[in-house]
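Trainee: I would like to go through this structure and learn what stands behind the terms used for it.
Mentor: Then ask about the terms one by one.

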Amino acid sequence: MTNEPEVRLKPDTTFADWRKRFTERAEWRLTEHFFRAMFDFGFLNDLAADSFKRVLIGSIGGFVAFGFLLTRAYMIKYAILWNTGNPERYRRALLGDDMTIIGLPMLLVAFVTLLVSQSLFPDERDFRILGPMPVRRIVVFRAKLSALLMFTGLFTTAAHVSLVPLMILTSLNPWGDSNVILRLVAWAIASVTASVFAILTITAVVGILVLALSRSRLQALSTIMRSTVLGVLVVCLPLVSHLPTLGGPLSRGAPWMVLVPPAWFLGFQRVMQGSADRGLAHLAFVGIVVVLVVGAVVAATYIILFNQFERLMLRPAPMSPPWWRINRLPLRSRVPPAFRGVFGFTVATLTRSELHQGVLVGLSACGIGLATIFLTSSIRLPISASIVPFLLMFACGVAARAALALPIEHRANWIFQVTEDHAMRREQMRAVDRVVTVYVVGVPVLAAAPLLWIALGSDALMAGLVMASIGLVFVHGVLLDWRRIPFTCSYLPGKRFIGHSALIGFAACLLFTLISSGLVRTALVSVNQTLVITAALLIVGYWLRERRLSAWRKTPLMFEDEFPDQMLQLQL
Amino acid sequence: MLEARGLSKRYGGFLALDRVDFQVRRGEILGYLGPNGSGKSTTVNTVVGLIDPSAGSLWLDGAPIADDPVAYKRRIGYVPEEPHLYTHLTAIEYLTLVGRLRGQSEQTLATKIPEMLQLLLLWESRYATMAAYSKGMRQRVLFAAALMHNPDLLVLDEPFSGLDVTASLLFRTLLRMFAAGGRMVLFSTHRFDMVEKLCSRVVILSKGRIAAERDMAEFREGRAESLEDVFVQITGQDDFTPVARQILDLMQP
């Protein structure tokens, strides 16, 4: 007893004791476990998971670098604004830029939250593993929430820190418009609230799905909905790039600004800075109400899940076919079995796996985003119409390859290994070829058909024909070096430096789009030219396809991904 | 007859299999017994063609399988130790996929799959994806997948784990009848009772080497000590009391 006060007087020991007590608690251990699990997507082996962590950590560094790059780009804009000597122009531009600075972290955090959407709520696995353990349910739920806060907090902080230099830059002005410190504090509060709104919105959508999914069989529907949200977020990217131009409408108090979420939080920021503008105050009010509503939905979801965990997790197996899927037995057909097997497996996986569908939709949506930029720019419609389908085609090609390359239940691939047969490999790979061709050629051409019709009139048919022929040649590029049954080969992320891959991708997209749109415009000069170009492309496409199929027949399938050989990478 | 001749497998510096020789004759179930880490699964993976041996060869009916591995693979059925399946598929979809990969006609599959599912008591769960299946149900799907193409050789790696009593009895009877039809079964396990009840011969593996090969009739007719005694002698683990005592001591707070 006499020694006790002395121990307390040693701050180091006390802190170490406290830290030890804290980190040894079941709740902290669970939080740590859940936090680590957020970096594990279930499809990566140990080597790949390590690699993926490096990619994620690298991406945080990338955000900071992006923030500096953005600041550098804005220096020129603000130097011009200061030199004009017109404070109104500066204020209008500032409104738009502030919205962008709030919108960018919102979008990033929404992406990241969607990426870990499988870990947002305790699930059946947690129920089965942690249920028999001497851990109270409340501890599991608190740990899950804490892990989510840590994960999203990490990205929210990284995004905001990277934007601080830009915020300081835009705060400086010759007219002494605002107190820099006050503005920074108001921005930090408003922007973090905006990011919290993004996290809560994704969590609310997923939470509602988790509850609905447990009551009925909405697995496929939830997969489609998550992919749709991802697609919408990707399409939002170019819209965020348009935010700087919305300063004018916002300063005029345009009523439709209420549909732009970053504007709500800009209103909140300006109110905190002391603005008396009624329009901005209204937007701030809308923002706060929406955050409260979404927060209430998330809280209610957690409470319902907490109270009815067993009932929601232990659902019986369905006894009837789901309404959206006819569970058919094989039908008589002349199509070779090997083709049907791989084709059916590929389609079923793309339809049901959240990860694969998400990658497919997310990356394809990048094409829609790029197309949106082109269509909202000042480029003439006929020219845009000849470019947009190829942007979609390129994005769909990258998406299809990435989605098919990611494994599902990698250790289940033994069935493909023990049944590997060179006599059937051609048919198996022909199924891959078919899926890719339909997605990379069919989807973009069909999606762009209305645009082509509006822009080119009756020439749209010819243009569509040429585009489809170009697509057939492009498929060869998508399937270059491909020798896997979809989803059966392990995957190692970060095989190449991201910047290097992005640069090559950008250059390839630019080259493909420019050459292809040039070909379409050349073909549309006359019917004869259309026919000659189409015929030439079809011959090349057919030749490449036959060459591909013949090569596949001779090459063994690949089941283990490997890091590229350094000598090969350097092309020495 | 399946014959392994001098089969070896090396992982870096570790020799998992060391010149293993055994035969699985037609009409017999060969028990392949050994403690964990003795090389049972390595042998099974080599026999089904998932890994290549570092040395030695496999022969089927007098011909080396390396001459035509694809033809050999067409003749084997395999039930792995862990039920690794594509759980996003239903049992019907999985069996259809396997049948198609094995080149079976659609008509055959349309007839065989429903009957197989009914016989294996999986028909009621046919609309559920296998993610909702228990381990035993998944094991039954694996059995169905291994049998549907009428294989000549069945390679089983701990096939009864997770199966309930009814299913175990069913598969035991099935395997006996399968072998009695002149076909071969390689049955890898560490369960003595299963080997005693099912196999005609047993090979005991220890540290990657064949430590003993016995005819099960010797045990059944009392000409040799029990299989468990032979196993304990070979593996050198005869008295487990000290270890059990240490575990109990460790449990004390």
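Mentor: In chain A, the centres of domain 1 and domain 2, taken over C-alpha atoms, are 32 Å apart.

Trainee: What makes these two domains of chain A?
Mentor: The bounds come from an automatic or database domain assignment. That assignment gives domain 1 as 22-313 and domain 2 as 340-569 in chain A. This is a predicted model, in which local features need pLDDT of at least 70 and side-chain atom pairs count only at pLDDT 80 or more, while totals for chains, interfaces and linings use all residues. Residues are numbered from 1 along each chain as its sequence is written, and chains are lettered from A and ligands numbered from 1 in the order in which they are written.

Trainee: What is the mean pLDDT of chain A?
Mentor: pLDDT is the predictor's confidence in each residue, from 0 to 100. Chain A has a mean of 83, and 87% of its residues reach 70 or more. Over residues 1-7 of chain A the pLDDT stays under 50, and the model has one contact beyond four places in sequence for them. A contact here requires C-beta atoms, placed from the backbone, within 7 Å. Residues 566-572 of chain A are also below 50, with two contacts beyond near neighbours in sequence.

Trainee: How many helices and strands does chain B have?
Mentor: Chain B has ten helices and ten strands. Both are DSSP runs numbered from the N terminus: helices are H or I with at least four residues, strands E with at least two.

Trainee: Why is chain B called as compact as a globular protein of its length?
Mentor: The globule rule is 2.2 Å times the number of residues to the power 0.38, and the radius of gyration is taken over C-alpha atoms. For 253 residues the rule gives 18 Å and chain B has 19 Å, which is close, so chain B is as compact as a globular protein of that length.

Trainee: How many residues does each chain bring to the contact between chain A and chain B?
Mentor: Chain B brings 37 residues and chain A brings 34. H3(B) gives the most to the side of chain B that touches chain A, with seven residues.
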